[in-house]
Amino acid sequence: MIKLLLIYIVSALIIWLIDHKVIRNLPKVNRWFTYILLVGGMVIFTYSLQVKHVMYPSVWLGRWLSPLVPY
Amino acid sequence: MQKITPRQIVLLGVTYVINLTMVNIPSQIVNRASQHGYLSYLLAGALVLLMLFFLTRSSYRFPGKDLFQSLTARFPFIGRAIVLLYILFFFMILVRDIRIMTDFTNVILLPVTPILMISLCISATVIYIARGGARTVLGITELYGPIMIIVVLIMPVIALRDLDFNLMKPFFYVNWKGVTEGGWLSVSYLGQLLVLPFIFSSKDYKFKYGLYSMLIALGVLTILILMAIMLLGVPVSGRMMYPSYELVRQMRVTDFLDRFDLIVVALWYPAVLLNIAISLYIVCYGLKNVIPTVSGKMMAAPLGLFAYSCAFWFYQNSIELFEFNRQWTVIALFFIVVLPLLIFAIHRPSKARIE
């Protein structure tokens, strides 16, 4: 499982290494958005791959929206 | 940005609609509408065109601006909320498309390669295309858009002697309930065409370009579904996961090219990557309009990686991805019908500006 997580961490690190010099010169909001998206993505990635009972949005939404489907 | 030509707009619309629609819904449509599956596309296409007309009219009220720009400028709060909703919509399309392509590649092309690596490769390519901005996206569209259209137009010529027109029988009996159900499934995919007035300013974009896009897209999708029915038959294509791919696999160009599918997939795959990149570009562009200090270009990579994670979280498996098409239309109709009507009703220049 740690190996799988490493895929994400390495990808995020590559993005950070490539972009951090440019992002530093942009307004702060860019830095915050980048970090929030990278960390948020890692949390979702870990949750969807490592927790046994994952709550899948499509399954959950499907249950909620089924009564609205006309057939 | 360079001057945008009508040809680029039309091709972008076609590319954004056809490439994943031709993979993900034909089997479900044939299952419901049988030999008249093409009518489902036409039904959905008519509704989308009507909504596109309303959005285009709204866009014309603000000359030189696209809808993302004019909504955020005219209504600082509600406008931003609507743009954020559309960003969410296109983000969900982005996530869905990444997952569709990952599953397709895993099932058909690379069954041994881990699904996470396939998805990562797709996401990385998409990020690189989207980072190039509108210029790159439009450039690749001009290259791969016509190629895909030409390939689909050539296919009936190649398969002509193998087509069994008897499989279209009974031709004059139309199961309208099934056709409507097929239309329900396809409207969310064809509705992606509504993106045009959001990213192209009213100076460049005219309704007729959207109309041409839709007509070409409908033509391509109709050819493919008719060929699938006449080559594979309704029972077989209705039970297959990817009938369009099977259709291409059945084709042989005389004796020297019996794997025609390899050529078509080699041409179609970059077009699909472009399709996904368009979604990512739209999300970045929308975000830039909501928060002007955000750099759309620099958000492409983090957003792409975030979408990569979500692609595994949103859908349990590839069957769920297909099944969710039914409920996805409920969400999509909000963005394809409700919000365009709302925009058409409220989105007008302020009185002070008119005076």
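UniProt positions here follow the numbering used for this structure, feature names are shortened, and annotations may be inferred rather than shown by experiment. This is a predicted model: local features need pLDDT of at least 70, side-chain atom pairs count only at pLDDT 80 or more, and totals for chains, interfaces and linings use all residues. Residues are numbered from 1 along each chain as its sequence is written.

**Exercise 1.** Find the annotated transmembrane regions of chain A and work out what they look like.

*Solution.* Start with the record: the unreviewed UniProt entry puts "transmembrane region" on residues 6–23 and 32–50 of chain A. Next, check the secondary structure (helices are DSSP runs of H or I, at least four residues; strands are runs of E, at least two). Residues 6–23 come out 100% helix, with end C-alpha atoms 24 Å apart. Residues 32–50 are also 100% helix, and their end C-alpha atoms lie 26 Å apart.

**Exercise 2.** Size up the interface of chain B and chain A.

*Solution.* Count contacts (heavy atoms within 4.5 Å): 36 residues of chain B meet 39 of chain A. Then take buried area, the accessible area (1.4 Å probe) lost on putting two parts together, summed over both. That gives about 3300 Å², 77% of it on carbon and sulfur atoms. B:M298, B:L305 and B:W313 supply 20% of chain B's buried area, more than any other three residues.

How values were computed. Chains lettered and ligands numbered in written order. Heavy atoms only, no water.
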